[in-house]
Amino acid sequence: SYFENKGELDKAVQLYHKGGDLTHALNVCFRAGDMMNNQHGPGREKDPTKIAIAKSAFELLNTIAQDLGAATSPQTLARCAEFLVQHKQYEKAIELYIMAKKYLPAIEMCSNNRVEITESMCEKLTPPIGNPNMDNNERKDILKELAKVLKKQGAFALASKKFTQAGDRIRAMKCLVRSGNTDSVINFAKISKNVEIYTLAANYLQQMNWRGSIDIMKAIVTFYTQAKAFEQLAGFFESCAQVEIDEYRDYEKAIGALKEALKHLNKANSNSIPASNSQTRIADLIDMIEKRIVIIDKFVGARKLMNNDPDKMVDICEDLLYNEPNLEESVRVGDCLAMLIEHFHGKNQHQQANKYLEEMKKRNIQPQPFVDGDVLDDLNRIYGTKENKKNKYNNNDNNYDNQESNIIVNEDDDIEEDIEEEVPEIEEELEDSNGSDHFQQRNN
């Protein structure tokens, strides 16, 4: 008290601290802090001696804070924490807030001051279960606020954990999806057994490299089926069909996938409200897929006739090329033309082969992805020159008659990540379904 009255606050703090009177020691520290702020105010005359004494007393606050414990009143702890926040001593302030059971102010302080919440800090900010002074709803609210800050900071895995502890599994799954942990997404969906979570998981998995993983494919089918999201499941099988066409030229398997899509669209149609917009939309999708199957089936039939009845094959292909306006939606026009080019080239009917090659140019289709390179070289030898070879087949401006046109070659870079996930076994009935058979055959 003597040194305090004389303004020698640093000595007063030391004596109060040594005497075990932490409350008085802290009060003097707070006064010292206020004095420092006043001395640094605009337009105020600065007293170097007072500033030095106040600074020394204030620095003792950190030492005193080490001795604060559960026996210290929550009010004193909270006041000390607030004071530390004002002076940007965030980590120590968090400890005091937690000690005072002031979880929300601690979380808010981290958010407002961009203090990164580490995993260990996160656990300290989690109120213990069974606290007699806190009901379950209050605990859940704190956990949700903590999860929101973690999500804002990009700590999606931790945020998911806290949302789960708060009972908000939907938000937990959304954070897990943003974390990009495929294995965790699959396992969480299985444990949750929630329709919306199943759909979120399946939507996420469709963005992954499902084409290279039978386990991910099966998980997508499983989750959409369990969510009864038949329209989305049909869309997935449509994607499978397109992959079969674009990457493998396997039109037979594409038909199989489209038939799976039809099966699930019919289920979706039976579950929709009669005469609703949803039912109309589904009916349109069914009609579109049925037409696609018919067109693809014609093309598959033409392929099978190449050796036994090539003339009929030519008739079918020409009918598709010149009389089917929606051909490109079902069959790649380049595949159809390439079959004709290679057929006539094989029979040494080069003029006919070149006719369909010219048709490719008219339709702005580059021949290289579709026509065998040796066939192109041979036709170029007969109907063109080596100098104009690239212009003849690769010019994206489609100015094939101009040998001096610029050469623009587009190369598609397929960058696919190989994702190796250990996924638990899918239910046996899905193993035996047509969809699973389709996947197994492709992956073999």
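Q: What makes the pair R249 and D335 a salt bridge?
A: In this predicted model, the closest N and O atoms of R249 and D335 are 3.4 Å apart. A salt bridge requires a side-chain nitrogen of Lys or Arg within 4 Å of a carboxyl oxygen of Asp or Glu, so the pair of R249 and D335 qualifies. Helices here are DSSP runs (H or I, at least four residues; strands, E, at least two), numbered from the N terminus.

Q: Why is D335 called buried?
A: The relative accessibility of D335 is 4%, and buried means under 20% relative accessible area, exposed over 50%, and partly exposed in between (1.4 Å probe, protein chains only). D335 therefore counts as buried.

Residues are numbered from 1 along each chain as its sequence is written. The model is predicted, with local features needing pLDDT of at least 70 and side-chain atom pairs counting only at pLDDT 80 or more, while totals for chains, interfaces and linings use all residues; side-chain values use heavy atoms, with hydrogens and water left out.

Q: How do you know that the salt bridge of E231 with R281 links distant parts of the chain?
A: The closest N and O atoms of E231 and R281 are 2.8 Å apart. E231 sits in helix α15 (residues 230-248) and R281 in helix α17 (residues 277-304), 50 residues apart. E231 is partly exposed at 25% relative accessibility, and R281 is partly exposed at 40%.

Q: What separates K148 and E145 in helix α9?
A: K148 and E145 are 3 residues apart in helix α9, which means a separation of about one helical turn. The two residues form a salt bridge, with closest N and O atoms 3.4 Å apart. K148, at 39% relative accessible area, is partly exposed, as is E145 at 34%. The structure holds 16 salt bridges, and E123, K161 and K162 are linked in a network of them.

Q: Which classes of residue make up the contact of α6 with α7?
A: The axes of helix α6 (residues 90-99) and helix α7 (residues 103-112) come within 8 Å and cross at roughly 160°, so α6 is roughly antiparallel to α7. Y90, A93, I94, Y97 and I98 of α6 meet Y103, P105, A106, M109 and C110 of α7, contact meaning heavy atoms within 4.5 Å. These residues divide into 10 nonpolar, no polar and no charged. Ala, Val, Leu, Ile, Met, Phe, Trp, Tyr, Cys and Pro count as nonpolar, Asp, Glu, Lys and Arg as charged, and the others, Gly among them, as polar.

Methods: Axes fitted to C-alpha atoms, helices over the stretch in contact; angles between N-to-C directions. Parallel < 35°, antiparallel > 145°, perpendicular 65-115°, else oblique.
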